[in-house]
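Here is a walk through one protein chain, taken step by step. Keep the model in view and follow each element as it comes up.

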Amino acid sequence: MRYMATYDLMETMRNTSQWLGATARTAASYPVMSLIPNPMIQWMAAWGEVTERTYERMVVKPDWGIRTFTCEDGKDHLVDIRNVVEKPFGNLIHFDVSGREEQPRKILLVAPMSGHYATLVRSTVKSLLVNCEVYVTDWHNARDIPVSCGKFDVEDYTLYLMDFMRHLGPDTHVIAVCQPAPLTLAATAYLAEIDPDAQPRTLTLIGGPIDPDATPTDVTDFGRRVTMGQLEETMIQRVGFKYKGVGRMVYPGLLQLTSFVSMNADRHVKAFQDQILRVAKGQASDHDAHNRFYDEYLAVMDMPAEFYLSTVERVFKNREIAKNEFVVNGHKVDIGKITSVAVKTVEGSKDDISAPGQCVAALDLCTGLPASKKASHLEPGAGHYGIFAGKSWRNNIRPLVLDFIDANSAAPKQAESKVVNL
């Protein structure tokens, strides 16, 4: 019961802060207040507006905001976001550009389940939508999933990815961003062994912790410092009565957000102080740079407790992927079974979350893959976010990834020979 009380206490504090902001904004906006020539009134209204929006967005799933798209014909085409596979813990969605011919590149973009919604890769989707058919893993907020739906750990996550790949077929090109990179590698290897006809053509791993110990960071050091018992005691809570997932054990998004903010507390405090001053001076707007960033950054989701704990224990502490010892449903996955899927890794030289060396370790694990089907790229001066959504991605990395996809789009020779024999 204490886990549930703690969860509800956090939600109460968030709700109260949102209410205080709304109250300050409303009180300072009474017409009679304009008779008082005191700049503190404008400051109070600005503080209330920024505070209300800050705490309100923490429990709201951001919209994709991709409604139309200008294609090569110069016309604006509507974008319909459709669920093509629906599952309790996440859907496979397709960004269907109406009236446009189907694009030859079919991309499965595996979004992270690390505290933020899949909309974190919005700009990545936009950049790929230009000339690709884009599918994305849209993970659900654990607080909204009833306990009756069961558990969801790293093995279930891997099986979900395998099902998504099977649905899309062998002409798919998979791009995994950050957290899912190790499990996407494992899912591909498992398919290579049990269902080779469902393997994707290429696999691109961007900034993922394949081998967390290759280049230690604060994130990996934290995983080594604490015990699993400490993590479960301090990080795991039970969803409160307000949500459909009441009673489910989760790693709360609000707790995760506290960790995110504390890593760069000074920068975030200054950003909000500056925004309050801009609002008070009438220089802010609903879609300015501050709001665009924090509308996404502050929107957090709960992770299933078993997924969070098994990720820390099996991927970071035990390094099961790095040691090629990962087991799914009692079956040991051998990454060396990947023999025809071209694999590319992308890292940023200034990535402080998945430092250079952690992701490229995947290539050494692919012992059955010829060197001609392996590639890696280290982007100079790029941080973690930049390698999949920033300027480095748009200007340098995206063209390299698409070239890699095009170079490996043809079906494997053995598949071609089967067709001829038939």
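Helix 4 and helix 11 pack at an angle of about 100 degrees. Angles from 65 to 115 degrees count as roughly perpendicular, so that is how helix 4 and helix 11 stand to each other. Their axes are 8 Å apart. This is a predicted model.

Which residues of helix 4 and helix 11 meet? Helix 4 brings Val-154, Glu-155 and Tyr-157. Helix 11 brings Phe-307, Ser-310, Thr-311 and Arg-314. By class, this contact has three nonpolar, two polar and two charged residues.

Now turn to aromatic rings. A pair of aromatic rings is described by the distance of the centres and the angle of the planes. The structure has 19 aromatic pairs. One of them joins Tyr-157 and Phe-307, and this pair is stacked. The ring centres lie 5.2 Å apart, with 20 degrees between the planes. The pair links distant parts of the chain: Tyr-157 sits in helix 4, Phe-307 in helix 11 (residues 305-317), and 150 residues separate them.

Helix 4 (residues 154-168) also meets helix 5. The two axes come within 9 Å and cross at roughly 60 degrees. Helix 4 and helix 5 are therefore oblique to each other. The crossing of helix 4 past helix 5 is right-handed. On the helix 4 side, the contact residues include Val-154, Tyr-157, Leu-161 and Met-165. On the helix 5 side, they include Leu-183, Ala-187, Tyr-190 and Ile-194. By class, the contact of helix 4 with helix 5 has 12 nonpolar, three polar and one charged residues.

Strands of a sheet pair through backbone hydrogen bonds, either parallel or antiparallel. Strand 7 (residues 202-206) and strand 13 (residues 342-348) pair in the parallel sense, over five bridges. Thr-202 has Ala-342 in strand 13 as its bridge partner.

Another open sheet has three strands, in the order 8-9-10. Its pairing is antiparallel. Strand 8 (237-238) and strand 10 (303-304) stand at the edges. Each has a single partner strand, so one side of each is left without a neighbour in the sheet.

Strand 9 (residues 249-251) and strand 10 pair in the antiparallel sense over two bridges. Look for Tyr-251: its bridge partner in strand 10 is Met-303.

Helix 8 (residues 253-263) lies across strand 8, strand 9 and strand 10. Helix 8 runs at about 20 degrees to strand 9.

How values were computed
Residues are numbered from 1 along each chain as its sequence is written. This is a predicted model: local features need pLDDT of at least 70, side-chain atom pairs count only at pLDDT 80 or more; totals for chains, interfaces and linings use all residues. Side-chain values use heavy atoms; hydrogens and water are left out. Two strands pair if DSSP finds at least two bridges between them. Helices (H or I, at least four residues) and strands (E, at least two) are DSSP runs, numbered from the N terminus. Axes are lines fitted to C-alpha atoms, for helices over the stretch in contact, and angles run from 0 to 180 degrees between N-to-C directions. Angles under 35 degrees count as roughly parallel, over 145 as roughly antiparallel, 65 to 115 as roughly perpendicular and the rest as oblique. A crossing is left-handed if the near helix is turned anticlockwise from the far one by less than a right angle, and right-handed if clockwise. Contact means heavy atoms within 4.5 Å. Ala, Val, Leu, Ile, Met, Phe, Trp, Tyr, Cys and Pro count as nonpolar, Asp, Glu, Lys and Arg as charged, and the others, Gly among them, as polar. Rings of Phe, Tyr and Trp (its six-membered ring) pair if their centres lie within 6.5 Å; planes under 30 degrees apart count as stacked, over 60 as edge-to-face and the rest as tilted.
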